[in-house]
Amino acid sequence: MNSVTTATVSLGGVTIGLGILAWHLTKWWKTGGKGGGPGVPGGGGGGGRDPKVLIPLLSSMALGMISVTAAGGLIGTAATFLLNTGSLIGNWSLVAATGTATPEVTRSGLKALTPGGCALLCIYFVICVALWKSGAKILKGKIAAGVTAGVMLGLSAGFSGVASVAVVTITNTIGDKITGVVL
């Protein structure tokens with residue numbers, strides 16, 4: 001069994017992931033984390049930008065980053081399908097909007113999930129699905145957007161790829177400790 005994913009990401013896929021992240025960070029920055037929205041006292045101008053508001057987005061991005069490193073199974077296959085679809089749409093968008101080329105930007109030396117990391121991925125997936133099912137519509141949107149952005153950015157050679165390596169390393173360490181897997 002292959003322990004490392006063979007998926008690749010293009011500039012278009014990374015652009016989609018960064019676009020999703022930029023959208024949510026801009027909305028958070030513009031409306032602030034506390035108070036109301038634009039035109040509401042205490043909101044709109046910023047000032048009360050509560051970082052806790054970003055937890056659903058960022059935690060689901062971590063899930064996407066971990067999922068795309070899974071070599072197979074239902075989670076890895078679904079993440080790879082989402083990645084390929086996002087790369088295709090992103091490539092088309094970049095070519096249509098700017099006429100630019102869309103090279104592959106997958107980082108070399110992909111980090112693989114250990115058996116303990118895979119177990120923790122499954123547990124984390126169940127937690128995120130439970131939160132998604134029990135959450136309000138806005139929470140569901142943030143979780144879906146975060147997973148999509150994480151999948152698109154998880155294999156990139158840029159800064160987000162470095163963040164993904166850290167997330168996968170932490171997942172492997174915690175998963176191995178919790179499950180008692182010793183390699």
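In the predicted model, helix H2 passes helix H4 in a left-handed crossing. The axes of H2 and H4 come within 11 Å and cross at roughly 140°, and the two helices are therefore oblique to each other, since an angle counts as roughly antiparallel only over 145 degrees.

Helix H2, which spans residues 55-67, also crosses helix H5, which comprises residues 137-153; the axes of this pair come within 6 Å and cross at roughly 40°. That angle makes H2 oblique to H5, because only angles under 35 degrees count as roughly parallel. The crossing of H2 and H5 is right-handed, whereas that of H2 and H4 is left-handed.

These helices belong to a protein that contains 6 helices and 0 strands, and from the N terminus on its elements run α-α-α-α-α-α. Of the 183 residues in the protein, 37% are buried.

Helix H4, made up of residues 115-134, includes isoleucine 127. The relative accessible area of isoleucine 127 is 43%, and the residue is accordingly classed as partly exposed, because this class lies between the limits of 20% for buried and 50% for exposed residues. On the surface, Ile127 forms a nonpolar patch together with Ile123 and Leu131, and the accessible area of the three residues together is about 260 Å².

Notes:
Residues numbered from 1 in each chain as written. Predicted model: local features only at pLDDT ≥ 70, side-chain atom pairs only at ≥ 80, totals over all residues. Heavy atoms only, no water. Patch = residues over 30% accessible without salt bridge, like charges linked within 9 Å, V, L, I, M, F, W, Y side chains within 5 Å. Areas by Shrake-Rupley, 256 points an atom, 1.4 Å probe, with all protein chains shown as cover. Salt bridge = Lys/Arg side-chain N within 4 Å of Asp/Glu carboxyl O. Helix = DSSP H or I, 4+ residues; strand = E, 2+ residues; numbered from the N terminus. Buried < 20%, exposed > 50% of the residue type's maximum accessible area, 1.4 Å probe, protein only. Axes fitted to C-alpha atoms, helices over the stretch in contact; angles between N-to-C directions. Parallel < 35°, antiparallel > 145°, perpendicular 65-115°, else oblique. Left-handed = near helix turned anticlockwise from the far one by under 90°.
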